[in-house]
Amino acid sequence: MSNCIPPTTTGKTTSASSTTSKATTTTSSTSTVKTTTSTSTVTTTSKTTTSTTSSSTAEPSGSGPNKTIAKVPVLGWNSWNAYGGNINEAVILATANSMVSLGLKAAGYQFVDIDDTWSNITGRDPTTQRILPDSNKFPNGIEYLATEIHNLGLKFGIYGDAGLTTCSGFPGSLYYEDIDAQTFSDWGVDLIKYDNCAVPANWSDTYVTDEYTSNTALRYIRMGNALNTVSRPIVFSLCEWGADAVWTWGARVGHQWRLTGDSSSSWSFVTSAITTAASVATYTNFYGHGDMDMMEIGNGGLSSSEERTHFAAWSFLKSPIILGTNLTNLSPAQISVITNSELLAFSQDTTYGAPALQYDTTNPPTYFSGSSSAGQHAFGVNYVNSTASLTFTFSAIPQLANKTSWLVHDMWAKKDIGTFSGSYTASVAGHDTAALRFT
Ligand code: GAL
């Protein structure tokens, strides 16, 4: 990892330090592995070596993400936050069925993603070098699981790692990119979340001015190029925790890029993710989205106002929204938050790709504005844990400054509030977020 200093402190300091510790820990035990990096051609065994190192200062030849998919932020579910390593076919299929029966599919949620620990920890197929599923967890294999999920009209995501092993010690894909991309395509995979553990020492980074030439980027470019050689379009989700200024090159490599270390079900995580994402929001647009990490709604630890802010901010900053809870435990109120049609329409707008941007100078960032097909929008986060008045001054909002009078609409209540001149002041509950549309 390069010594990149993120532009703001809160979230990215956390993510940078967590990255360092993970990479450093795994590196020392794997430092003898060598391979080529000047080509995306994959060696079929990690013992295959050449004398080259991974360092490069030349502009890498990444073919870039597939622009037929993931134009707007991905909506779905991932197993990690709720189940960790306790995943199996029954849990995943039950979740997929809940996505349908709870109305989440109808609201736009598509992806059912399995995270770490799905594969056979003892190794690859000795003949084909293909990665294998854990046959106890997935007795009918991954292709069967993907087909069942497709039969529900949903999409299926899987997890891999740009190192020698995953973060939980299962086979990694470094040096096996072509084989694994082909396997995932054959199985019917629609998304790969690609993690960043167990990085060999010869892939460690020194500071480079263009982080697209960093060894971290190169490891991700290898898989991106492999995905572009298979017939199935596969969403490429970079999970390297915000290292190496990924926001500056993420859109050249994948469809979404994690901005922080791992989420937790806490208000401090929500505010730190908002702060980080706001500082690099101009990098997000169609086909490339800063990923604020998986949702914690339903996992306890957040008040209902905090859960509304969590969902609103992931929507207006156009992060992927990947639910991370046991869906059957969600209350009707929580389901109504995560299916709010007006916030999801802002997130999923196919005409306007930019997220809402901060238009004030507060830290943590309070006021955001943007445009959608439905009109102009402003959002205000109340970081105080008691009701506060947030004033939206039209002349200070780029999208509203050209007129003094606007019809104000509450996107939570889905109701017009009235026509206001000069400004509108919202009364916002502690830790809640005002979501407004102006026409
Ligand atoms: C972390 C990643 C998490 C989860 C976990 C699995 O590196 O950020 O989202 O995938 O690995 O081990």
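A cavity is a set of grid points where a 1.4 Å probe fits but cannot get out. In this predicted model, a search of the whole structure gives 4 cavities of 30 Å³ or more.

**Largest cavity**
- By class, the lining has 5 charged, 4 nonpolar and 3 polar residues.

**Aromatic pairs and cluster**
- The ring planes of Tyr194 and Tyr220 stand at 80°, with the centres 5.4 Å apart, so this pair is edge-to-face.
- Because Tyr194 belongs to strand E4 and Tyr220 to helix H7 (residues 215-227), the pair ties together parts 26 residues apart in sequence.
- Tyr194 is buried, at 0% relative accessibility, and Tyr220 is also buried, with a relative accessible area of 0%.
- Tyr359 and Tyr367 make a tilted pair, at 5.7 Å centre to centre and 40° between the planes.
- Buried means under 20% relative accessible area, so Tyr359 at 17% counts as buried, as does Tyr367 at 14%.
- One aromatic cluster is formed by Phe316, Phe346, Phe368 and Phe379.

**Charges over rings**
- Lys71 has its charged end over the ring of Phe286, 4.6 Å from the ring centre.
- Arg252 lies over the face of Tyr212, 4.0 Å from the ring centre.

Key. Residues are numbered from 1 along each chain as its sequence is written. This is a predicted model: local features need pLDDT of at least 70, side-chain atom pairs count only at pLDDT 80 or more; totals for chains, interfaces and linings use all residues. Side-chain values use heavy atoms; hydrogens and water are left out. On a 1 Å grid over the protein atoms alone, a cavity is a set of points where a 1.4 Å probe fits but cannot get out, and a pocket is an open set with protein on both sides within 12 Å along at least five of seven lines; lining residues have an atom within 4 Å of a point. Grid points are joined across faces, edges and corners, and a volume is the space filled by probe spheres set on the points. Ala, Val, Leu, Ile, Met, Phe, Trp, Tyr, Cys and Pro count as nonpolar, Asp, Glu, Lys and Arg as charged, and the others, Gly among them, as polar. Rings of Phe, Tyr and Trp (its six-membered ring) pair if their centres lie within 6.5 Å; planes under 30 degrees apart count as stacked, over 60 as edge-to-face and the rest as tilted. Helices (H or I, at least four residues) and strands (E, at least two) are DSSP runs, numbered from the N terminus. Buried means under 20% relative accessible area, exposed over 50%, partly exposed in between (1.4 Å probe, protein chains only). A charge sits over a ring if NZ of Lys or CZ of Arg is within 6 Å of the ring centre and within 35 degrees of the ring normal.
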